[in-house]
Amino acid sequence: MHTKAPRVTECVLSPRFYQLHSPLSNEALNATAIIGICIKNQANHIKPALASAMAQSIVQQGDGAVLILNDNSSDEWLAGIDEWLDDPRLIIVHALCGTAARARNALLDWVDAELPTATWVARLDADDKFARTNSVQEMLRETSGEPPLYLLGSNHLEEKGEILPDSNIADPSVLQNREPLVRFIDDFCSGRSRQELPSCNLILRTHSGIRYPDVKSAEDHWLVAELLMLKPEQGFVIPHPIYSVYSLDGGLTEQNRKSSQWSQQRHKLAAATKLWLQALNNPVKLLGVGQEGIVWQDQQVIWKRFYPHAMNDFEANRIQSLTTNTEGPLPSVSWNKSDDGTWCCQYPWFDSEPVPTFLPAETARQFLKRLHASGYVTSNIKRTNLRLTEGQLIYIDIGKDIVPLSPSRFLDAAARLYSITVLGQSDFELARRETTMRLHESLATLEGFNVFYRNLIEELFPHCIDVDESPILPLRDEPQVTLLIKSCPQDAGLLQDQVEHIVSQLSYPAAFAKKVLLIDPYTGPFLRQYAKGDLEQAQKIGLHLLAEEIIDDVWQAPADTDEIRDTYLRWFGRNDISSSHTSIFAPVFSQLWAFEQVNTPYVLQCDSDVLIGRRDLSHDYLADMIKALTKENVVCVGFNIPQPSTDLKPYHGNAGEFAPEVRCGLLHLPRLRALCPLHNTVDHDRFNLMWHRSVQQTTHPHCRSVRGGDHRSFYVHPMNTEKDKPGFPVWRDLISQGMEPDQQKGKWDLFPDTQWQYPIRDEPLIFLLKGRDTSIGKLRRSLASLKMQREQRFGLIVIDDGGSFANNWHLPLLLGTMKSRTTLIRRRERFGYIRNFKAAIGEICSNPESLIVTLDLDDALMSSDVVAKLYEAINSGADLINGGMFRPDKPFHLYIPNYQNPRHQGGANVWAHLRGFRKKLFDQLPSHYLEYQGDWVKDVTDYALMLPLSEMAKSPMFIDDLFCYYHQRYPYSKAKKSSQHAILSHLFSLPGAESTNAVVPALNATEGD
């Protein structure tokens, strides 16, 4: 069973991968003339051609060598030439080229780079042969004096072994006179003449820069026509002696004649040369010709006129729309359509210079940054299409190769530019070629490009690497207040979570002078006891909280009876009681003892089981309470409870009206101590009242406990009977966010018998974000990437799956303005990927048409238009989407999905981020696709989900026109990879989900736990 996609032949941007068959000999290195033969699966023809080349007098005399460039042939052509394989005058180079034009250019480039003595390259096709043993030498004899750039000879025509009577004579009177030449080209291109341009009989001077145009057919005719029309004085046309014998039986010749390209290219060539002639007859400076048109300078304006076949109204309008009003690396171009229907464009001349062999990486980087900002890609990157002005590159090839930006096109342009500038490679080194090599493997051969491109992308999207890990610190210090959390051994089961919850909820925006956990060592019996007291466990938890710096100190009340009596004497005026608890086993001593240890004037004391609600974490509740506490005669300010109204409730309370809020309240310790001794009664050697009830009953006129405050901060007290219920962590999370149900409002005690529900989401687009203990920097990055979206019509479901309170308390703050459209779920125990998906989509999402898009909390969206593109997908009816993912550790991977049978193609990237699907599609997913060995799939869950969903989808869509998703992860261990491989093998073995007719709903989220 494949867990990786099988290798297939694809068109991939690739270098040529030159490889010498054997080391170069001295004879080869010293040759001045090279006979170049390109071969591609021509085993049946190469032997006569090579015999003809090796027999050339210039080779036999030691001045020449034969170079065979093998363009990735798959036949046994080498077996047919074994008699020459050891000849030092034969050079064999293997390369990956792809077309005849690219092979010829590869041969020319290789000679320029590797054979320093070579002066000439003489062409011979693999199915042709030389007419004479001295053909090359005779041609070169004509070059005495000023050496030309090219030589053009004549050829016989051979068919079925016989020389035909009509030879292809290179007539200077025709070929070196433009008007007769144009008529000649028109005649053979239209079929009126059998004689063609003798393009196969070309000898080029090395280092001339002359290269074949990158077309699939007639590339030699295009090149020779251009040389004869534009550079007639720089070449020699030599009619006799005959140079070669051109075979009409050759495989390539026959194949070309049967192709539509063969005919089309000739008609295009005829039309183009007529336009060249017009331009040459006009008083303008002709700058160049190409496959799309001609370029000339008229005073201070550069013009380009397109051939009729090369530009139509649609393309012209497309390019104009794409390039107008952008800051891209193009000159300022204007367009017009001539009366004859052909298109022209023009731009102001600017002072510039040609692009040299090498340029600094920064120059290439700046060009690519402007290119990305423009929203288009100039895909025909080569030196002749670029100019350098004031240190900046300008792209001047205005035409169809300007296309809308996409990650694959941008990578292509970046690689080509890096190749020709930073590495100084040939313009033709990189091209899209048929190969089984994958793109990332191909581009990895460009030295340094992986770092260059990764840095470029991260520079284009700086928010992806802007990981600010600085903690959210309190906005101010409150040196007058100590936080005192009161606990006892029966609280041990919830103590860790509750202390973290209370501290995280109360420590912002003001920081306490000190945070203390008080442990009452009394082990029972307890008032309303719900658990057995475990003092040892409580002590361990206290030390752990201290080590983790959740709290600043752990106080354990002493058990010494003398200390108890002395404390009671100070507070109640009698020292004959030594019991730490009341007659109904409520705590007294430990709290009074702790108050005496506090060295700040105020203490916010609370029970360890209270649930703190903060509708707005920026609300400075402590400042409000201190302000109320400092009013006349106030001893205690009770922490607010959930209010049914959002109106501010003034603090109020007369003397004796309210007891100090013992569960959660701010005490004025000096005023409280001033009330002592407090009245208390005794029953069976125990006090009857807790300290707060004694304060309430005091007859002191200057003692008030007040209640009220801002609704944004409150607490709820759970009854002991509710603390071990499965719903307790959910109640705590909802209360902490201020999401309590209406029935809870106005009540101190938790009201469990009502609908505790996370907010429902019904937006057309919902992002599902999940993580666990995600660092604050990555949380900032992920949420910032959502806030930067130009289109803000989306909802959020954010799940922290089993993370600590210290790492998730700040999520409401980080959400900012998105909080109102977010369902935040902070699970205390890990739920797992599949269960979270099922719960979120099944219980939180209510709209079957919603598109659910996943975004991991440690990842980020890249472009600010991702949401806009998702809405385009929604409006087009897509039921499943993928978007381009960028991984900095694998910068060349494009993760383009293939929705055709992905289960048998290693997943075919349907699993990759960005990914999303309609709720109704997920609701139809049979549950067994998400199961493995009797449980939910625990790893490679992206495959488990997306494989069947992509098979079920009727309208899947890939967003390929912008960078969507930044995904950063560390390498997996061998053990994890092995485990993943086993699960993948199982997933790939399942039948495709498209084959099922029954709609089997997925199991609910609690099954299989």
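**Strands, a helix and cysteines: what the terms rest on**

Trainee: Which residue in E6 is the bridge partner of Ile 35?

Mentor: In E6, Ile 35 finds its bridge partner in Ala 122. Keep in mind that this is a predicted model, in which local features need pLDDT of at least 70, side-chain atom pairs count only at pLDDT 80 or more, and totals for chains, interfaces and linings use all residues. Residues are numbered from 1 along each chain as its sequence is written, and side-chain values use heavy atoms, leaving out hydrogens and water.

Trainee: What makes E3 and E6 a pair?

Mentor: Strands are DSSP runs of at least two residues, and helices are H or I runs of at least four, numbered from the N terminus. Two strands pair if DSSP finds at least two bridges between them. Strand E3 (residues 33-39) and strand E6 (residues 120-123) have 4 bridges, in the parallel sense, so they meet that definition.

Trainee: How do you know that H4 packs on the sheet?

Mentor: By contact, meaning heavy atoms within 4.5 Å. H4 touches E2, E3, strand E4 (64-71), strand E5 (90-95), E6 and strand E11 (202-205). Its direction makes about 135° with that of E4, where axes are lines fitted to C-alpha atoms (for helices over the stretch in contact) and angles run from 0 to 180 degrees between N-to-C directions.

Trainee: Why is the length of H4 said to agree with expectation?

Mentor: The expected span is 1.5 Å times one less than the number of residues. For the 15 residues of helix H4 (residues 100-114) that gives 21 Å, and the end C-alpha atoms are 21 Å apart, so the two agree.

Trainee: And why is H4 called mostly covered?

Mentor: Buried means under 20% relative accessible area, exposed over 50%, and partly exposed in between (1.4 Å probe, protein chains only). In H4, 12 of its 15 residues are buried, among them Leu 107, Leu 108 and Trp 110.

Trainee: How many disulfides does the structure hold?

Mentor: There are 0, a disulfide being a pair of cysteine sulfur atoms within 2.5 Å. For Cys 11, the nearest cysteine sulfur, that of Cys 97, is 14 Å away. For Cys 964, the nearest is that of Cys 464, 11 Å away.

Trainee: Are Cys 11 and Cys 964 buried or exposed?

Mentor: Cys 11 has a relative accessible area of 43%, so it is partly exposed. Cys 964, at 0%, is buried.
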